[in-house]
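Subject: Structure handover

Hello,

Here is the structure for you to look at. My notes on what was found in it follow below.

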Amino acid sequence: MNNLNDLRSVLRGRVLAPGDDGFDQARRPWNLAVEQPVGAVVDTADAADVAALVRYARNAGLTVSAQPSGHGATGDVAGVILLRTAGLNELRVDSLTRVARVGAGVHWGQVQAVAGAHGLTGLPGSSPVVSVVGYTLGGGLSWFGRKYGWAADSVRAFEVVDADGARARVTADSDAELFWALRGGGDFALVTAIEFDLHPAPALYGGRMLWPADRAAEVLEAYRAITTTAPDELTVWFDLLKFPGAEPLVAVDITYLGDAAEGRSLLRPLQHIDQLISDSRDTMPIAELGSITAEPTTPGPGLSHGELLTGLDDIVAKTLLAAPIEPLLRVQIRHLSGALARPSDSPHGPLTEPYALYLFGVPATPHTASALRTRQQELTGALAPNLSGRKPYTYLNPGETVATAFTPAALTRLQDIKRRRDPRNVLRSNFPVLA
(Lines give C-alpha, C1' and ligand atoms only; values in the text may rest on other atoms or scores of the structure.)
Protein backbone atom coordinates (compact mmCIF):
# COMPACT_ATOMS: atom_id res chain seq x y z
CA MET A 1 0.00 0.00 0.00
CA ASN A 2 1.11 3.58 -0.65
CA ASN A 3 2.89 5.44 2.12
CA LEU A 4 0.22 5.89 4.76
CA ASN A 5 1.99 8.96 6.09
CA ASP A 6 0.39 10.79 3.16
CA LEU A 7 -3.00 9.66 4.41
CA ARG A 8 -2.19 10.59 8.00
CA SER A 9 -1.30 14.08 6.82
CA VAL A 10 -4.80 14.73 5.47
CA LEU A 11 -6.85 13.16 8.28
CA ARG A 12 -7.58 14.22 11.83
CA GLY A 13 -8.54 10.67 12.80
CA ARG A 14 -6.31 7.67 13.56
CA VAL A 15 -4.66 5.60 10.82
CA LEU A 16 -3.32 2.15 11.69
CA ALA A 17 -1.18 -0.02 9.42
CA PRO A 18 -0.09 -3.65 9.84
CA GLY A 19 2.48 -3.80 12.63
CA ASP A 20 1.13 -0.74 14.45
CA ASP A 21 0.02 -1.13 18.05
CA GLY A 22 -3.71 -1.72 18.07
CA PHE A 23 -3.99 -2.69 14.41
CA ASP A 24 -5.09 -6.28 14.99
CA GLN A 25 -7.75 -5.20 17.46
CA ALA A 26 -8.97 -2.41 15.17
CA ARG A 27 -9.42 -4.66 12.11
CA ARG A 28 -11.35 -7.28 14.05
CA PRO A 29 -14.96 -7.75 12.90
CA TRP A 30 -17.91 -8.54 15.16
CA ASN A 31 -17.79 -12.17 14.08
CA LEU A 32 -14.40 -13.39 15.29
CA ALA A 33 -14.62 -16.42 13.01
CA VAL A 34 -13.94 -14.04 10.09
CA GLU A 35 -10.42 -12.90 9.32
CA GLN A 36 -9.97 -9.41 7.79
CA PRO A 37 -6.68 -9.00 5.90
CA VAL A 38 -7.06 -5.25 5.42
CA GLY A 39 -4.27 -2.91 4.41
CA ALA A 40 -5.09 -0.22 6.96
CA VAL A 41 -7.74 0.84 9.46
CA VAL A 42 -8.97 4.42 9.71
CA ASP A 43 -10.96 5.86 12.61
CA THR A 44 -12.38 9.04 11.12
CA ALA A 45 -13.00 12.09 13.27
CA ASP A 46 -15.87 13.52 11.22
CA ALA A 47 -17.53 13.59 7.79
CA ALA A 48 -14.78 15.81 6.41
CA ASP A 49 -12.31 13.07 7.33
CA VAL A 50 -14.41 10.53 5.42
CA ALA A 51 -14.32 12.75 2.34
CA ALA A 52 -10.56 13.20 2.62
CA LEU A 53 -10.12 9.43 2.97
CA VAL A 54 -12.15 8.72 -0.16
CA ARG A 55 -10.22 11.29 -2.21
CA TYR A 56 -6.96 9.74 -1.05
CA ALA A 57 -8.14 6.22 -1.93
CA ARG A 58 -9.43 7.32 -5.33
CA ASN A 59 -6.16 8.98 -6.26
CA ALA A 60 -4.11 6.04 -4.97
CA GLY A 61 -6.21 3.39 -6.69
CA LEU A 62 -7.34 1.89 -3.37
CA THR A 63 -10.68 0.73 -2.01
CA VAL A 64 -12.51 1.77 1.17
CA SER A 65 -14.86 -0.51 3.07
CA ALA A 66 -16.95 0.88 5.93
CA GLN A 67 -17.85 -1.23 8.96
CA PRO A 68 -19.46 0.89 11.66
CA SER A 69 -19.78 -1.97 14.18
CA GLY A 70 -18.14 -4.83 12.29
CA HIS A 71 -21.37 -6.75 11.73
CA GLY A 72 -21.80 -8.60 8.46
CA ALA A 73 -18.09 -8.96 7.68
CA THR A 74 -17.16 -11.53 5.04
CA GLY A 75 -13.35 -11.37 5.06
CA ASP A 76 -13.27 -10.35 1.39
CA VAL A 77 -11.28 -7.19 2.13
CA ALA A 78 -7.71 -8.02 1.22
CA GLY A 79 -5.69 -4.81 1.04
CA VAL A 80 -8.62 -2.43 1.50
CA ILE A 81 -8.78 0.50 3.88
CA LEU A 82 -11.23 -0.40 6.62
CA LEU A 83 -13.26 2.60 7.78
CA ARG A 84 -14.50 2.76 11.37
CA THR A 85 -17.08 5.43 12.18
CA ALA A 86 -17.29 5.59 15.99
CA GLY A 87 -16.38 9.28 15.83
CA LEU A 88 -19.54 10.07 13.86
CA ASN A 89 -21.68 10.01 16.99
CA GLU A 90 -24.29 12.68 16.36
CA LEU A 91 -27.70 11.77 17.82
CA ARG A 92 -30.67 14.13 17.72
CA VAL A 93 -34.33 13.30 18.26
CA ASP A 94 -37.06 15.82 17.46
CA SER A 95 -40.09 14.61 19.36
CA LEU A 96 -42.42 17.10 17.64
CA THR A 97 -41.65 16.08 14.07
CA ARG A 98 -40.83 12.50 15.13
CA VAL A 99 -37.55 12.54 13.24
CA ALA A 100 -34.14 11.28 14.36
CA ARG A 101 -30.77 12.25 12.93
CA VAL A 102 -27.91 9.89 13.73
CA GLY A 103 -24.30 9.59 12.72
CA ALA A 104 -22.74 6.43 11.30
CA GLY A 105 -21.21 5.55 14.66
CA VAL A 106 -24.48 5.42 16.61
CA HIS A 107 -25.95 2.10 17.78
CA TRP A 108 -29.62 1.22 18.04
CA GLY A 109 -29.57 1.01 21.81
CA GLN A 110 -28.55 4.66 21.98
CA VAL A 111 -31.40 5.73 19.69
CA GLN A 112 -33.99 3.70 21.59
CA ALA A 113 -32.94 5.20 24.92
CA VAL A 114 -33.52 8.75 23.64
CA ALA A 115 -36.59 8.07 21.47
CA GLY A 116 -38.25 5.92 24.13
CA ALA A 117 -38.24 8.82 26.58
CA HIS A 118 -40.66 10.56 24.20
CA GLY A 119 -42.92 7.54 23.62
CA LEU A 120 -41.30 6.94 20.23
CA THR A 121 -39.31 4.15 18.61
CA GLY A 122 -37.05 3.53 15.67
CA LEU A 123 -37.15 0.22 13.84
CA PRO A 124 -34.30 -1.79 15.41
CA GLY A 125 -33.60 -5.48 15.26
CA SER A 126 -32.83 -7.77 18.16
CA SER A 127 -29.42 -6.35 19.14
CA PRO A 128 -28.86 -2.92 20.71
CA VAL A 129 -25.21 -2.79 19.60
CA VAL A 130 -25.79 -2.96 15.84
CA SER A 131 -25.11 0.35 14.09
CA VAL A 132 -28.16 2.22 12.86
CA VAL A 133 -26.59 3.17 9.54
CA GLY A 134 -25.13 -0.22 8.65
CA TYR A 135 -28.37 -1.99 9.56
CA THR A 136 -30.53 0.44 7.59
CA LEU A 137 -28.32 0.28 4.50
CA GLY A 138 -29.08 -3.46 4.47
CA GLY A 139 -32.82 -2.78 4.57
CA GLY A 140 -33.30 -3.40 8.28
CA LEU A 141 -35.58 -6.19 9.53
CA SER A 142 -37.07 -4.88 12.75
CA TRP A 143 -39.05 -6.19 15.67
CA PHE A 144 -41.62 -3.66 14.48
CA GLY A 145 -41.32 -4.31 10.75
CA ARG A 146 -44.70 -6.03 10.67
CA LYS A 147 -46.24 -2.72 11.70
CA TYR A 148 -43.99 -0.21 9.91
CA GLY A 149 -42.08 -2.09 7.18
CA TRP A 150 -38.36 -2.13 6.49
CA ALA A 151 -36.25 0.33 8.49
CA ALA A 152 -35.01 1.71 5.17
CA ASP A 153 -38.57 2.68 4.27
CA SER A 154 -38.55 5.21 7.14
CA VAL A 155 -35.43 7.06 5.93
CA ARG A 156 -35.92 10.69 4.94
CA ALA A 157 -32.36 11.64 4.02
CA PHE A 158 -28.79 10.37 3.80
CA GLU A 159 -25.68 12.44 4.34
CA VAL A 160 -23.08 10.87 2.08
CA VAL A 161 -19.60 11.02 0.65
CA ASP A 162 -19.60 9.83 -2.95
CA ALA A 163 -16.87 7.91 -4.79
CA ASP A 164 -15.19 11.20 -5.80
CA GLY A 165 -14.98 12.35 -2.19
CA ALA A 166 -17.75 14.92 -2.53
CA ARG A 167 -20.27 15.38 0.28
CA ALA A 168 -23.99 15.56 -0.43
CA ARG A 169 -27.40 15.32 1.16
CA VAL A 170 -29.51 12.71 -0.63
CA THR A 171 -33.31 12.66 -0.53
CA ALA A 172 -36.01 11.26 -2.76
CA ASP A 173 -36.29 14.71 -4.34
CA SER A 174 -32.62 15.62 -4.67
CA ASP A 175 -31.34 12.32 -6.11
CA ALA A 176 -34.09 9.73 -6.50
CA GLU A 177 -31.82 7.10 -8.05
CA LEU A 178 -29.21 7.12 -5.28
CA PHE A 179 -31.87 7.43 -2.58
CA TRP A 180 -33.49 4.27 -3.93
CA ALA A 181 -30.21 2.36 -4.08
CA LEU A 182 -29.06 3.30 -0.59
CA ARG A 183 -32.22 1.95 1.02
CA GLY A 184 -30.98 -1.62 1.04
CA GLY A 185 -28.77 -1.96 -2.00
CA GLY A 186 -25.06 -1.86 -1.22
CA ASP A 187 -21.95 0.15 -2.01
CA PHE A 188 -22.72 3.41 -3.84
CA ALA A 189 -21.61 6.02 -1.31
CA LEU A 190 -20.33 6.21 2.24
CA VAL A 191 -23.15 7.30 4.53
CA THR A 192 -22.03 9.54 7.38
CA ALA A 193 -25.50 10.21 8.84
CA ILE A 194 -29.16 9.46 8.22
CA GLU A 195 -32.45 11.07 9.10
CA PHE A 196 -35.46 8.83 9.60
CA ASP A 197 -39.00 8.82 10.90
CA LEU A 198 -39.69 7.65 14.43
CA HIS A 199 -42.95 5.87 15.24
CA PRO A 200 -45.40 6.03 18.15
CA ALA A 201 -44.75 3.52 20.92
CA PRO A 202 -46.82 4.65 23.91
CA ALA A 203 -46.77 1.09 25.25
CA LEU A 204 -44.58 -1.95 24.66
CA TYR A 205 -45.31 -5.40 26.03
CA GLY A 206 -42.72 -8.08 25.50
CA GLY A 207 -40.42 -10.76 26.82
CA ARG A 208 -39.51 -14.43 26.54
CA MET A 209 -41.37 -17.61 27.52
CA LEU A 210 -39.19 -20.68 28.02
CA TRP A 211 -39.94 -24.42 28.25
CA PRO A 212 -37.93 -27.66 28.13
CA ALA A 213 -37.50 -28.91 24.58
CA ASP A 214 -39.93 -31.80 25.05
CA ARG A 215 -42.73 -29.22 24.83
CA ALA A 216 -41.47 -27.97 21.45
CA ALA A 217 -44.25 -29.56 19.39
CA GLU A 218 -46.95 -27.91 21.52
CA VAL A 219 -45.17 -24.57 21.52
CA LEU A 220 -44.71 -24.66 17.75
CA GLU A 221 -48.37 -25.53 17.23
CA ALA A 222 -49.39 -22.58 19.41
CA TYR A 223 -46.92 -20.37 17.55
CA ARG A 224 -48.46 -21.32 14.22
CA ALA A 225 -51.93 -20.53 15.53
CA ILE A 226 -50.87 -17.15 16.93
CA THR A 227 -48.99 -16.00 13.83
CA THR A 228 -51.85 -17.03 11.53
CA THR A 229 -54.08 -14.30 12.95
CA ALA A 230 -51.59 -11.91 14.61
CA PRO A 231 -52.23 -8.18 14.19
CA ASP A 232 -49.36 -6.16 12.75
CA GLU A 233 -48.51 -4.79 16.21
CA LEU A 234 -47.57 -8.30 17.42
CA THR A 235 -44.28 -9.97 16.51
CA VAL A 236 -43.45 -13.47 17.75
CA TRP A 237 -40.28 -15.50 17.21
CA PHE A 238 -39.89 -19.24 17.88
CA ASP A 239 -36.53 -20.60 19.10
CA LEU A 240 -35.07 -24.05 19.57
CA LEU A 241 -32.05 -23.58 21.86
CA LYS A 242 -29.17 -25.79 22.96
CA PHE A 243 -26.55 -24.07 25.08
CA PRO A 244 -23.35 -25.91 26.07
CA GLY A 245 -23.76 -27.94 29.24
CA ALA A 246 -27.51 -27.31 29.44
CA GLU A 247 -30.62 -29.25 28.50
CA PRO A 248 -32.28 -28.25 25.20
CA LEU A 249 -34.98 -25.60 25.42
CA VAL A 250 -37.75 -24.05 23.39
CA ALA A 251 -38.57 -20.35 23.63
CA VAL A 252 -40.99 -17.80 22.26
CA ASP A 253 -39.83 -14.16 22.05
CA ILE A 254 -42.49 -11.48 21.85
CA THR A 255 -43.05 -7.79 21.26
CA TYR A 256 -46.45 -6.15 21.16
CA LEU A 257 -47.01 -2.45 20.49
CA GLY A 258 -49.94 -2.21 22.85
CA ASP A 259 -50.95 -2.78 26.46
CA ALA A 260 -50.22 -5.90 28.47
CA ALA A 261 -53.81 -7.15 28.72
CA GLU A 262 -54.24 -7.11 24.95
CA GLY A 263 -50.86 -8.79 24.49
CA ARG A 264 -51.66 -11.59 26.91
CA SER A 265 -54.98 -12.18 25.20
CA LEU A 266 -53.34 -12.53 21.80
CA LEU A 267 -50.89 -15.06 23.23
CA ARG A 268 -53.56 -17.21 24.87
CA PRO A 269 -52.59 -20.43 23.00
CA LEU A 270 -49.29 -20.43 24.93
CA GLN A 271 -50.81 -19.95 28.36
CA HIS A 272 -51.60 -23.55 29.25
CA ILE A 273 -48.52 -25.35 27.95
CA ASP A 274 -47.07 -27.21 30.93
CA GLN A 275 -43.55 -27.01 32.37
CA LEU A 276 -43.06 -23.31 31.76
CA ILE A 277 -39.57 -22.56 33.09
CA SER A 278 -39.66 -18.79 32.95
CA ASP A 279 -41.82 -15.96 31.63
CA SER A 280 -40.35 -12.45 31.42
CA ARG A 281 -43.30 -10.87 29.59
CA ASP A 282 -44.22 -7.48 30.96
CA THR A 283 -44.71 -3.87 30.02
CA MET A 284 -41.21 -2.66 29.22
CA PRO A 285 -39.37 0.53 28.24
CA ILE A 286 -38.42 0.85 24.58
CA ALA A 287 -34.80 1.22 25.70
CA GLU A 288 -34.83 -2.36 27.05
CA LEU A 289 -35.88 -3.98 23.78
CA GLY A 290 -32.51 -5.72 23.45
CA SER A 291 -33.04 -7.58 26.72
CA ILE A 292 -35.66 -9.90 25.19
CA THR A 293 -33.22 -12.14 23.32
CA ALA A 294 -30.20 -11.06 25.39
CA GLU A 295 -27.83 -11.42 22.46
CA PRO A 296 -24.10 -10.97 23.18
CA THR A 297 -22.97 -7.35 23.28
CA THR A 298 -19.30 -8.17 22.70
CA PRO A 299 -17.71 -9.77 19.63
CA GLY A 300 -17.43 -13.55 19.36
CA PRO A 301 -17.18 -16.29 16.74
CA GLY A 302 -20.32 -17.44 14.95
CA LEU A 303 -21.48 -19.43 11.97
CA SER A 304 -24.98 -18.58 10.79
CA HIS A 305 -27.27 -19.31 7.89
CA GLY A 306 -30.55 -17.64 6.96
CA GLU A 307 -33.41 -18.49 4.63
CA LEU A 308 -36.97 -17.41 3.94
CA LEU A 309 -39.80 -19.90 4.43
CA THR A 310 -42.80 -19.94 2.12
CA GLY A 311 -44.94 -21.36 4.91
CA LEU A 312 -44.97 -23.23 8.20
CA ASP A 313 -47.10 -26.27 7.49
CA ASP A 314 -47.09 -29.69 9.16
CA ILE A 315 -44.21 -30.92 7.01
CA VAL A 316 -42.01 -27.97 7.95
CA ALA A 317 -42.90 -28.35 11.62
CA LYS A 318 -42.12 -32.08 11.56
CA THR A 319 -38.79 -31.44 9.83
CA LEU A 320 -37.73 -28.82 12.37
CA LEU A 321 -38.54 -31.09 15.31
CA ALA A 322 -37.38 -34.40 13.85
CA ALA A 323 -33.97 -34.44 15.55
CA PRO A 324 -31.91 -32.48 18.09
CA ILE A 325 -30.47 -29.25 16.70
CA GLU A 326 -26.94 -29.93 17.98
CA PRO A 327 -24.28 -28.81 17.30
CA LEU A 328 -26.31 -25.67 16.50
CA LEU A 329 -27.09 -23.38 19.42
CA ARG A 330 -30.19 -21.89 17.85
CA VAL A 331 -32.81 -22.63 15.24
CA GLN A 332 -35.08 -19.60 15.01
CA ILE A 333 -38.23 -18.79 13.08
CA ARG A 334 -39.25 -15.14 12.78
CA HIS A 335 -42.75 -14.16 11.78
CA LEU A 336 -42.70 -11.59 8.95
CA SER A 337 -45.75 -10.56 6.84
CA GLY A 338 -47.74 -7.44 7.74
CA ALA A 339 -46.21 -4.22 6.42
CA LEU A 340 -43.10 -6.10 5.28
CA ALA A 341 -45.17 -7.79 2.58
CA ARG A 342 -46.65 -4.55 1.27
CA PRO A 343 -45.20 -2.44 -1.57
CA SER A 344 -41.78 -0.91 -0.90
CA ASP A 345 -39.99 1.36 -3.36
CA SER A 346 -36.55 0.10 -2.44
CA PRO A 347 -34.14 -2.51 -3.82
CA HIS A 348 -35.52 -5.39 -1.76
CA GLY A 349 -39.16 -4.57 -2.46
CA PRO A 350 -41.92 -6.39 -0.56
CA LEU A 351 -40.92 -9.37 1.57
CA THR A 352 -43.74 -11.75 0.67
CA GLU A 353 -42.43 -14.84 2.48
CA PRO A 354 -44.24 -15.14 5.84
CA TYR A 355 -41.36 -16.52 7.93
CA ALA A 356 -37.58 -16.29 8.19
CA LEU A 357 -35.37 -19.17 9.30
CA TYR A 358 -32.08 -18.53 11.12
CA LEU A 359 -29.55 -21.22 12.09
CA PHE A 360 -26.64 -20.35 14.39
CA GLY A 361 -23.73 -22.05 16.10
CA VAL A 362 -20.28 -21.27 17.50
CA PRO A 363 -17.33 -22.72 15.53
CA ALA A 364 -15.07 -23.26 18.53
CA THR A 365 -12.81 -25.62 16.55
CA PRO A 366 -12.41 -26.53 12.87
CA HIS A 367 -14.20 -29.81 13.62
CA THR A 368 -17.11 -27.94 15.19
CA ALA A 369 -17.27 -25.55 12.23
CA SER A 370 -17.51 -28.49 9.84
CA ALA A 371 -20.22 -30.12 11.94
CA LEU A 372 -22.18 -26.87 12.06
CA ARG A 373 -22.11 -26.50 8.29
CA THR A 374 -23.21 -30.11 7.88
CA ARG A 375 -26.15 -29.62 10.24
CA GLN A 376 -27.17 -26.40 8.50
CA GLN A 377 -27.03 -28.15 5.14
CA GLU A 378 -29.09 -31.05 6.49
CA LEU A 379 -31.84 -28.75 7.71
CA THR A 380 -31.94 -26.50 4.67
CA GLY A 381 -31.82 -29.52 2.38
CA ALA A 382 -34.76 -31.13 4.14
CA LEU A 383 -36.68 -27.84 4.01
CA ALA A 384 -35.71 -27.02 0.41
CA PRO A 385 -39.25 -27.35 -1.03
CA ASN A 386 -40.38 -24.73 1.49
CA LEU A 387 -37.56 -22.21 0.97
CA SER A 388 -38.01 -19.37 -1.48
CA GLY A 389 -34.33 -19.15 -2.47
CA ARG A 390 -34.33 -15.45 -1.70
CA LYS A 391 -33.07 -13.86 1.51
CA PRO A 392 -32.68 -10.36 2.98
CA TYR A 393 -29.36 -8.61 2.40
CA THR A 394 -28.55 -8.77 6.13
CA TYR A 395 -29.07 -12.56 6.10
CA LEU A 396 -26.21 -13.04 3.63
CA ASN A 397 -23.10 -14.84 4.87
CA PRO A 398 -19.54 -15.31 3.57
CA GLY A 399 -19.60 -17.17 0.29
CA GLU A 400 -23.04 -15.84 -0.69
CA THR A 401 -23.78 -13.03 -3.14
CA VAL A 402 -26.38 -10.32 -3.54
CA ALA A 403 -27.98 -12.33 -6.35
CA THR A 404 -30.04 -14.07 -3.65
CA ALA A 405 -31.12 -10.81 -2.05
CA PHE A 406 -32.64 -9.01 -5.04
CA THR A 407 -34.78 -9.76 -8.03
CA PRO A 408 -32.87 -9.89 -11.35
CA ALA A 409 -34.38 -6.55 -12.38
CA ALA A 410 -33.41 -4.85 -9.11
CA LEU A 411 -29.90 -6.28 -9.24
CA THR A 412 -29.39 -5.11 -12.84
CA ARG A 413 -30.50 -1.62 -11.84
CA LEU A 414 -28.18 -1.60 -8.81
CA GLN A 415 -25.24 -2.76 -10.89
CA ASP A 416 -25.86 -0.04 -13.46
CA ILE A 417 -25.93 2.59 -10.72
CA LYS A 418 -22.70 1.22 -9.26
CA ARG A 419 -20.87 1.30 -12.60
CA ARG A 420 -21.88 4.90 -13.24
CA ARG A 421 -21.46 6.23 -9.71
CA ASP A 422 -18.26 4.42 -8.79
CA PRO A 423 -16.48 3.30 -11.98
CA ARG A 424 -13.13 2.91 -10.18
CA ASN A 425 -14.69 0.73 -7.45
CA VAL A 426 -13.41 3.00 -4.70
CA LEU A 427 -16.15 1.87 -2.31
CA ARG A 428 -16.86 -1.69 -1.26
CA SER A 429 -19.61 -3.07 0.97
CA ASN A 430 -19.60 -6.44 2.73
CA PHE A 431 -21.53 -7.85 -0.24
CA PRO A 432 -20.72 -5.84 -3.37
CA VAL A 433 -23.35 -5.63 -6.09
CA LEU A 434 -20.74 -6.28 -8.78
CA ALA A 435 -19.20 -9.38 -7.15
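**Salt bridges and sheets**

Glu-177 has a relative accessible area of 23%, so this residue counts as partly exposed. Please keep in mind that the model is a predicted one.

The partner of Glu-177 is Arg-420: the two form a salt bridge in which the closest N and O atoms are 2.5 Å apart. Since Glu-177 belongs to helix α7 and Arg-420 to helix α12, the pair ties together parts that lie 243 residues apart in sequence. Arg-420 is also partly exposed, because its relative accessibility is 44%, and the limits for that class are 20% and 50%.

Arg-421 forms a salt bridge with Asp-175, with 2.9 Å between the closest N and O atoms. Asp-175 sits in the loop between β9 and α7 (176–182), while Arg-421 is in helix α12 (residues 408–421); the pair therefore links distant parts of the chain, 246 residues apart. With a relative accessibility of 28%, Arg-421 counts as partly exposed.

A further salt bridge joins the side chains of Lys-242 and Glu-326, at 3.9 Å from N to O. This pair also links distant parts of the chain, 84 residues apart: Lys-242 is in the loop between β13 (234–241) and β14 (249–256), and Glu-326 is in the loop between α10 (314–321) and β18 (330–335). Are the two partners buried or exposed? Lys-242 counts as buried, because its relative accessibility is 14% and the limit for buried is under 20%. Glu-326, at 46%, counts as partly exposed.

In total, the structure holds 33 salt bridges. Some share partners: Glu-90, Arg-92, Arg-101, Glu-159, Arg-169 and Glu-195 are joined into one network in this way.

Strand β8 (residues 155–161) runs antiparallel to β9, and four bridges join the two. Within this part of the sheet, Phe-158 stands opposite Val-170 in β9.

Another open sheet has four strands in the order β1-β2-β4-β3, with mixed pairing. Which strands stand at its edges? They are β1 (14–16) and β3 (64–66); each has a single partner strand, so one side of each is left without a neighbour in the sheet. Direction ignored, neighbouring strands here are turned by 20° against each other on average. Three bridges pair β1 with strand β2 (residues 40–43) in the antiparallel sense, and Arg-14 has Asp-43 in β2 as its bridge partner. Helix α3 (residues 47–60) packs on this sheet, touching β2, β3 and β4 (81–84), and its direction makes about 175° with that of β4.

Regards

How values were computed. Residues are numbered from 1 along each chain as its sequence is written. This is a predicted model: local features need pLDDT of at least 70, side-chain atom pairs count only at pLDDT 80 or more; totals for chains, interfaces and linings use all residues. Side-chain values use heavy atoms; hydrogens and water are left out. Two strands pair if DSSP finds at least two bridges between them. A salt bridge is a side-chain nitrogen of Lys or Arg within 4 Å of a carboxyl oxygen of Asp or Glu. Buried means under 20% relative accessible area, exposed over 50%, partly exposed in between (1.4 Å probe, protein chains only). Axes are lines fitted to C-alpha atoms, for helices over the stretch in contact, and angles run from 0 to 180 degrees between N-to-C directions. Contact means heavy atoms within 4.5 Å.
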